[in-house]
Structure formats: C-alpha cells, structure tokens
Amino acid sequence: MSAARHYVRDTARAWGLPGTVVDDLETVTGELTANALEHSASRTVTVTLARMARAAVISVTDEGQGRRNHHRRVPEASSPPSDQEHGRGLLITEALATCWGQQRMDGGLTVWAVVESGYR
C-alpha cells in the first residue's frame, strides 16, 4: 500500500500539482488500495494515475475475487457505526474527489476517483 501512495505522490509532484492536491491523491490512493487488499483475494492490485487538463484520476484495479471465491461486491459509501474503526474509506474518497465510481471488466474490479488539480 505504501508503494502505491509513494508512486502517486512522486508522480503528482513531478507533474507540478499543488501540495493539497498531492495530499488528496495520496489519501484517496491509500483508501482505495486498502479496500482492494482487504476485500479481495487478489494476488495483484494495479494502481494507475492519469492527468487531465484540470484533474487527476486515480484508479485501483484488483482481480475482482472476494475472500471465499465469490465475486467481490461493488463498493458503496456508507457511514459505519461511530465506534467502528474501519469502513470510512469511500466516505473519505467521496469527500476529497469530484466524483468516483467503479467498473467491472474481465473479472476484475476497478475503483476510480477524480480529484481536481486546482488549475483553471
């Protein structure tokens, strides 16, 4: 997970994105990667960062398999009980991103988020 965050941070900095945007991208990457690792039995998770004119898109793709050979459920943002320590990753993503979503293809699941770059 830290390798994914470092990749995104280093790439976003090399693109000259503002520090707050880099921080948001790094946080979203950590949340999406943690979800993929926790909720799938994937042997590999792929992280992609793309730059658009006024935004950056972070994508995390797993192999789409759940822990017991069932297909991984499509993630949903929901509020966990206040005493629960986990389960806020997609709420954090929703707060930091302009939009987010998911796409299932070739047996895998990609969850993506768009973060505005701060450029007009």
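Start by selecting R9. At 16% relative accessibility, R9 is buried. Keep in mind that you are looking at a predicted model.

**Stop 1: from R9 to E26**

Now look at where each one sits. R9 lies in helix α1 and E26 in helix α2, so this pair ties together parts that are 17 residues apart in sequence. Are R9 and E26 buried or exposed? Both are buried.

**Stop 2: from R9 to D10**

Go back to R9 and select D10. Here R9 forms a salt bridge with D10. The closest N and O atoms are 3.7 Å apart. D10 is partly exposed, with a relative accessible area of 43%.

**Stop 3: from E26 to R5**

E26 forms a salt bridge with R5. Color helix α1, residues 2–14, and helix α2, residues 19–39. R5 is in helix α1 and E26 in helix α2, so the pair links parts that are 21 residues apart in sequence. The relative accessible area of E26 is 12%, and E26 is buried. R5 has a relative accessible area of 33%, which makes R5 partly exposed.

**Last stop: the whole set**

How many salt bridges does the structure hold? There are 3. Select R5, R9, D10 and E26 together. Salt bridges that share partners join these residues into one network.

Definitions and conventions
Residues numbered from 1 in each chain as written. Predicted model: local features only at pLDDT ≥ 70, side-chain atom pairs only at ≥ 80, totals over all residues. Heavy atoms only, no water. Salt bridge = Lys/Arg side-chain N within 4 Å of Asp/Glu carboxyl O. Helix = DSSP H or I, 4+ residues; strand = E, 2+ residues; numbered from the N terminus. Buried < 20%, exposed > 50% of the residue type's maximum accessible area, 1.4 Å probe, protein only.
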